Amino acid sequence: MSTVLITGSSTGIGRRTAETLAAAGHTVYATMRDPGNRDAGAVSDLKALARSRSWKLRVVELDVTSQASADAAVGHVLDETDGLDAVVHNAGHLYIGYVEAFTDNDVSHLLDVNTIGAHRVNRAALPHMRSRRSGTLLYVGSTIQVTTPPFLGPYVASKAAFDALAVVTSYEVSQFGIETSIVMPGAITQGTDHFPGATHASDLRVAVQYAELDPLVERTHEAHEQLFAPGTTADPQSVADEIERILTLPVGSRPFRSVVDAAEAGVDHVMAFSDLTREAFVRRLGFAETLKVKS
């Protein structure tokens, strides 16, 4: 079994993934930004579950907007274990509103959390993985970079950048025996704080000029919920189960990309063609070896 660090583990996909992996026998480090205060309830719940079920699950502080915090969290794992086998990049935040009404600081902050945060954690974990010449980077992306719905502009941009950075990083780390998997969930409307906890644009002067569109924005959550066929729900557990499946696969057989989408938007077909096109171009460049993990 593996030792796994998960970012953003207090709620939703991260929380379910921590529980699912621990139940499967993995050693799990569930990280969250503020375990002593805002996330104290999640910490208490996870620790109680770990005690009652004899799980190897620990909670560690990790703020993905701080390199020092990422370094400290990874260092803590390495101090307590024989090594870090996998990182699950799950931490993220949602913005809802009019693109023009988000200031440059708003957008920069979201990119800092959703995109650069994963890069910071990679910079903390990769020296160890490269020295061992093994490991898995598993990114929890989104189908939203393909579907690009209205009123979620900065979030769409941040997840597209997150995916692109994961892809390009994969070329380089593959030559050190490190695998990459990108799991792309569709809209998750239940069992997460994603929509209820979303941030709105801070430039109210601009936002009010879009007021005639407010009724559309206000039903963003409802609009996503009606995507699903009757009797179908989009639950974080389906994503957690896929992450557990991937990490249980033998080294060298993990899929580069997996779409988990109850809305059945067809993103799996789009990404299959996109990845084939990308891989063909990389081969034309003469860099075919970067597409396979070096053993």
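Colleague: Which residue with a positive phi follows H1?

Modeller: This is a predicted model, in which local features need pLDDT of at least 70, side-chain atom pairs count only at pLDDT 80 or more, and totals for chains, interfaces and linings use all residues. Residues are numbered from 1 along each chain as its sequence is written, and side-chain values use heavy atoms, with hydrogens and water left out. Helices (H or I, at least four residues) and strands (E, at least two) are DSSP runs, numbered from the N terminus. After H1, the residue with a positive phi, near 105°, is Gly25.

Colleague: How many of the twelve residues of H1 are buried?

Modeller: Buried means under 20% relative accessible area, exposed over 50%, and partly exposed in between (1.4 Å probe, protein chains only). Among the buried residues of H1 are Ile13, Arg15 and Leu21. H1 is largely enclosed by the rest of the structure, because the number of its residues that are buried is ten.

Colleague: Which residue forms a salt bridge with Arg15?

Modeller: A salt bridge is a side-chain nitrogen of Lys or Arg within 4 Å of a carboxyl oxygen of Asp or Glu. The N to O separation is 3.4 Å, and the partner is Asp45. The pair links distant parts of the chain, 30 residues apart, with Arg15 in helix H1 and, in helix H2 (residues 40–53), Asp45.

Colleague: What is the distance between the closest N and O atoms of Asp275 and Arg257?

Modeller: Both Asp275 and Arg257 are buried. They also belong to a network of salt bridges that includes Asp163, Arg278 and Glu279. In the salt bridge between Asp275 and Arg257, the closest N and O atoms are separated by 2.6 Å.

Colleague: Which residues make the nonpolar surface patch of about 320 Å²?

Modeller: Patches are made of residues with over 30% relative accessible area and no salt bridge, like charges being joined within 9 Å and nonpolar side chains (Val, Leu, Ile, Met, Phe, Trp, Tyr) within 5 Å. Accessible areas come from the Shrake-Rupley method with a 1.4 Å probe, and for residues only the protein chains shown count as cover. Phe281 lies in helix H11 (residues 267–285) and is partly exposed, at 48%. The patch is made by Phe281, Leu285 and Phe287.
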